[in-house]
Amino acid sequence: MKVSIIVSIYNGADILNVTLPPLINQDYPKEKTEIIFVNDGSTDATPKLLEPHKPKKYITVITHSTNMGRTITRNSGIKKATGELLLFLDCDIEVKTDFISQHVNYHQNKNVIGVVSHICTTDVNSKDKFYKYIFFGKRGAPLIGENKPIPFKYFIMGCSSIKSSAVTKTGFFNENLKGYGIDLEYANRLEKNYQGRLFYSEKIKVIMHKVKILDEVLSDYHQYGQLNVPIILKESPGLAPFVGADYIKSLNGNITLKIILGTIFINPPIFQLVKLILYITPFPLSNILIRYLLAASVAMGYRKHLKKIN
């Protein structure tokens, strides 16, 4: 099986020296491997670090003159890819040398359309509660486990594989979307075409570097709710519960229990109060508060959008 790895890169000079070597030195046959680096308008030393790899026959470097966002970056890679299996990888993800082989083995099962890797960290002693939430909180695909279809909302694309035939049928990533939400929107389309055929593998371990702090993520989530959620819901109204929009506005415009709860609990005063309480709440109870903060950030961003258009 020929494999195309699409690596999205933006200002990755500080981490590429860690993530590139194991990716380039995979145990999978080079003649069946195609690595596509998409440099999305990096302004650091990324081009210089990629330059030595250009002469290699199995490596392609695509360069955007300006930063265009992850959806366009992934689409650039898809257009160039010739593999039967597409592996999507963010540049701050460190893989093991059997990364390709592991994904290929999983895809020998014809029922499998997509596989998401198990995201790990080397910093097991971090005291940061958000860091613990990401890596040690009981959430996402690990709740389902091996060899069971996972809900599409758990299919994270930054370290996942999809059969190219499924990508051809599902289409490109929505280039109107910037930042968060692109994985949810695309996985939803995959699920519609291939219900119950997305999986998670605990055995395929990858290491995530460059983890954002909570305040940065909350800001990103607010922007996600304000800018991307309206686009997503216009095309897929059924995704409202997955982005918390049903706590802000119901599909039929009626007042529901969720709308009442959203009015009471999803607002700036409660939001700030929860942030204060988080400081004194121990892990893993802190996970509950972090989930609220993330969901509320998206919902309040969506509410801001609705106020603007009204």
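Me: At roughly what angle do the axes of helix α5 and α11 cross, and within what distance do they come?

Reply: A word on the source comes before the answer. This is a predicted model, in which local features need pLDDT of at least 70 and side-chain atom pairs count only at pLDDT 80 or more, while totals for chains, interfaces and linings use all residues. Residues are numbered from 1 along each chain as its sequence is written, and side-chain values use heavy atoms, with hydrogens and water left out.

The axes of helix α5 (residues 129–136) and α11 cross at roughly 95° and come within 10 Å, which makes α5 roughly perpendicular to α11. Helices here are DSSP runs of H or I with at least four residues, strands are runs of E with at least two, and both are numbered from the N terminus. An axis is a line fitted to C-alpha atoms, for helices over the stretch in contact, and the angle between N-to-C directions runs from 0 to 180 degrees. Angles of 65 to 115 degrees count as roughly perpendicular, those under 35 as roughly parallel, those over 145 as roughly antiparallel and the rest as oblique.

On the α5 side, Lys 129, Phe 130 and Tyr 133 meet Ser 286, Asn 287, Ile 290, Arg 291 and Leu 294 of α11, where contact means heavy atoms within 4.5 Å. By class, this contact has four nonpolar, two polar and two charged residues; Ala, Val, Leu, Ile, Met, Phe, Trp, Tyr, Cys and Pro count as nonpolar, Asp, Glu, Lys and Arg as charged, and the others, Gly among them, as polar.

Helix α11 (residues 286–309) also packs with helix α10 (residues 268–280), at an angle of about 155° and with the axes 10 Å apart, and these two helices are therefore roughly antiparallel to each other. Their crossing is left-handed, a term used if the near helix is turned anticlockwise from the far one by less than a right angle, clockwise being right-handed. The residues of α10 in this contact include Phe 271, Val 274 and Leu 278, and those of α11 include Ser 286, Ile 290 and Leu 293. The residues of the contact of α10 with α11 divide into 12 nonpolar, two polar and one charged.

In the loop between α10 and α11 lies Pro 284, and a cis peptide bond with omega of about 10° joins Phe 283 to Pro 284. As a general rule, most peptide bonds are trans.

Buried means under 20% relative accessible area, exposed over 50% and partly exposed in between, with a 1.4 Å probe and protein chains only.

Returning to α5, the loop between α5 and β7 holds Asn 147, which has a positive phi of about 60° although it is not a glycine. With a relative accessible area of 60%, Asn 147 is exposed.
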